[in-house]
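These are my notebook entries on one protein model. I set down what I looked up and what I found.

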Amino acid sequence: MYKRKNDEKEKIDLYDKDRKYIRTIYRGEEIKRNEWKKCILCFVVDEQGNVIVEYKRNGEKDGCSGHIKQNEVATQAVLRELYEELKIEMEEALNAVHLGNITINFEETEQKLQCFLDVYCLFRTKTTPLEPDEQEIEKIECVPIRKFLKEFISNEIFPCVAEYIPIIKKFVKLYIEEKFERSMVTELEI
């Protein structure tokens, strides 16, 4: 059977700023200035309380993240990305907690991405080693929470625009409640 060039590429729905559908594109096609896509980000915390930071092959430092494909919802996307990027199995990934949805306009940070971002966090329950996707990720680093938050706030991980602050506060609260010492993060100013 004959396959067209774009048949195997991922389809992504684009929206206007009011979340009304505009059109569908194939991954890699240009997104116009007034078009927004839906994405996910998941902060992954290991058993020792370190946050996993991915060093992407495109030069970015990031958490587990990606766009939401056509006909997919955020919860499906986070499960898919956790497996694709780090080989975290569904049984464990189902423990990811939704921290909220924010609207990010990265044009202020010299990038061309505008997205509706669903943010999650996952406290690992298994000791199986992470297996980064070698095509997308150069390496991963287990970063202590203090260092992670300082790097995040100073834009060393990815651009920390103001919309992230309420999400980071939820993440810190959950981090404290879930597993780790309260004194560990109380001095951080977010």
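**Entry 1: overall make-up.** I note at the outset that the model is predicted. I looked up the secondary structure and found 4 helices and 9 strands in the protein. Read from the N terminus on, the order of elements is β-β-β-β-β-β-α-α-β-β-β-α-α. I then checked burial: of the 190 residues in the protein, 46% are buried. Among contacts between residues at least 6 apart in sequence, 60% join residues at least 24 apart.

**Entry 2: strand β3.** I asked how many of the residues of strand β3 are buried. The count is 9 of the 10 in residues 36-45, so β3 is largely enclosed by the rest of the structure. I next looked up its pairing partners. Strand β8 (residues 114-123) runs parallel to β3, with 9 bridges between them. Strand β6 (residues 64-67) pairs with β3 in the antiparallel sense over 4 bridges. Strand β1 (residues 11-15) is also antiparallel to β3, and 2 bridges join them.

L41 has V119 as its bridge partner in β8, and L41 stands opposite S65 in β6.

**Entry 3: helix α1.** I checked the length of helix α1 (residues 74-86) against expectation. Its 13 residues should span 18 Å at 1.5 Å a residue, and the end C-alpha atoms are 18 Å apart, which agrees. I listed the buried residues of α1 as A74, A77, V78, L79, R80, E81, L82, E85 and L86. What covers these buried residues? I found that the cover includes β3, β4 (51-56), β6, α2 (90-93), β8 and β9 (137-143). After α1 comes K87, and its phi is positive, near 60°.

**Entry 4: M90.** I located M90 in helix α2. Is M90 buried or exposed? Its relative accessibility is 53%, and the cut-off for exposed is over 50%, so M90 counts as exposed.

Leaving aside residues up to four places away in sequence, F148 touches F43, V51, V53, V143, I157 and F171.

**Entry 5: helices α3 and α4.** I asked how the axes of α3 and α4 are arranged. They come within 12 Å and cross at roughly 175°. Angles over 145 degrees count as roughly antiparallel, and α3 and α4 are therefore roughly antiparallel to each other. At their contact, I145, F148, L149 and F152 in α3 meet Y164, I168, F171, V172 and Y175 in α4.

Notes. Residues numbered from 1 in each chain as written. Predicted model: local features only at pLDDT ≥ 70, side-chain atom pairs only at ≥ 80, totals over all residues. Heavy atoms only, no water. Buried < 20%, exposed > 50% of the residue type's maximum accessible area, 1.4 Å probe, protein only. Pairing = 2+ DSSP bridges. Expected span 1.5 Å × (residues − 1). Contact = heavy atoms within 4.5 Å. Axes fitted to C-alpha atoms, helices over the stretch in contact; angles between N-to-C directions. Parallel < 35°, antiparallel > 145°, perpendicular 65-115°, else oblique.
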